[in-house]
Amino acid sequence: MRATKKNSGYSMLELVVYVSIIAVMAVLSVQAMLSITRVFAEIKSFSSIREGGVIAIERMIKEIRFAVSIDYSGTTLGTNPGRLKLNTTDENGNAKTMEFYVSENSLNIIDNGAEKGTITGSSTLLTNLVFRESTTSKGMLVKIEITLKDNRATSTRSASFYGSAVMRGAY
Amino acid sequence: MFYIHILQNKNNDSPREKLRRFLSLKNFGGQAGFGLVEVVIGSAIISLALLGVISVASNSLRVADHSLREAQAGYLLLEGGEALRSMRDISWTNINGLSTTTTYYLAFSTTTNRFATTSANSFVDGIFERSFTTSDVFRNGSDNITASGTYDSGTRKIRMNVSWRERGATTTTLTDFYLTNI
């Protein structure tokens with residue numbers, strides 16, 4: 001028996017085992033890369049919808065709570081796209097108006113006649129905005145329905161936010 | 001490496017043996033190289049690391065999904081409170097007349113444009129279940145709310161619940177508040 005014989009390396013079979021292990025690892029790592037890219041896109045879409053929805057509904061609820069009454073001439077109730085014009089007061093107690101409307105699939109604000117631009121980001125599309133009012137003997141409630149969609153063509157994710165606020169200024 | 005390996009083959013091996021050596025990953029000039037056990041352990045460590053990365057990715061997706069649902073549920077809770085406030089504004093009996101042992105749900109009628117309580121379970125968007133229960137309020141001699149004392153017919157404690165199914169488990173978010181007769 002020659003000295004080289006006892007240490008003569010691996011057989012074809014062992015090589016096949018190695019190659020298959022490497023193949024499995026390669027598939028796994030490619031899968032990992034792909035899923036991470038996909039997950040990042042998904043997370044971005046979730047968070048842009050959440051952010052847009054929270055900012056829009058938070059602002060509208062705050063303004064409705066401060067408001068005194070609805071200006072019906074500048075308001076569209078019950079249908080999409082809704083428009084809401086509120087009679088409210090500024091920080092010094094002077095009367096002013098506040099308007100919410102949809103333009104180019106985003107929520108826009110007009111503060112006392114001055115265009116203030118959009119408050120929902122460019123990464124979402126506002127697909128539905130409906131205002132409803134509920135009048136009572138003592139006050140008034142405004143109900144908001146808003147649906148935001150991810151603006152990427154490949155994504156169909158959308159979420160609806162529902163909020164209502166009683167006008168504290170109307171009491 | 002293989003080239004050197006072949007040159008180093010000074011023994012007159014058979015062609016079969018040469019091929020075997022050629023295909024060998026080990027035994028370069030007496031170097032130990034990697035054994036099967038080392039390769040298996042190494043690949044297991046790398047696979048575990050990759051699995052870790054994948055599980056972090058899927059967990060962060062779950063968290064992002066949850067935070068969107070939680071934001072939606074938060075506004076539904078808030079809306080429930082405002083809806084009951086509005087019903088209170090219509091008439092205090094809308095609140096005071098509710099049973100303290102029944103679970104109620106809220107429904108907005110687009111014909112009357114008002115919120116009303118129902119005993120039928122309703123889902124918002126087919127996802128969120130919003131329900132509430134009420135309980136009586138008692139006050140002590142200094143008019144503070146206590147667990148027992150004099151029954152106050154002009155105040156009700158409300159517990160508003162919003163729950164939804166998420167990956168096989170039910171998540172509930174709730175808030176307690178008082179409504180008074182004004």
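1. The structure is a predicted model, in which local features need pLDDT of at least 70 and side-chain atom pairs count only at pLDDT 80 or more, whereas totals for chains, interfaces and linings use all residues. Residues are numbered from 1 along each chain as its sequence is written, chains are lettered from A and ligands numbered from 1 in the order in which they are written, and side-chain values use heavy atoms, with hydrogens and water left out.

2. On confidence (pLDDT is the predictor's confidence in each residue, from 0 to 100), chain A has a mean pLDDT of 88, and 94% of its residues reach 70 or more. Where pLDDT is low, the predicted coordinates should not be read in detail.

3. The contact between the chains takes 50 residues from chain B and 48 residues from chain A. Together the two chains bury about 4600 Å², 63% of it on carbon and sulfur atoms, where buried area is the accessible area (1.4 Å probe) that two parts lose on being put together, summed over both.

4. Three salt bridges are counted between chain B and chain A, each being a side-chain nitrogen of Lys or Arg within 4 Å of a carboxyl oxygen of Asp or Glu. B:Glu82 forms a salt bridge with A:Arg168, with the closest N and O atoms 2.9 Å apart. On the side of chain B that touches chain A, α2 (15-23), α3 (36-90) and β2 each supply at least two residues, and the largest share, 29 residues, comes from α3(B).

5. In chain B, strand β1 (residues 104-109) runs antiparallel to strand β2 (residues 114-118), joined by five bridges, and antiparallel to strand β4 (residues 128-139), joined by two bridges; strands pair if DSSP finds at least two bridges between them. B:Tyr105 stands opposite B:Thr118 in β2(B), while B:Tyr104 stands opposite B:Phe132 in β4(B). The hairpin of β1(B) and β2(B) has four residues between the strands, and B:Asn113 takes a positive phi near 55° there.

Note on methods. Contact means heavy atoms within 4.5 Å.
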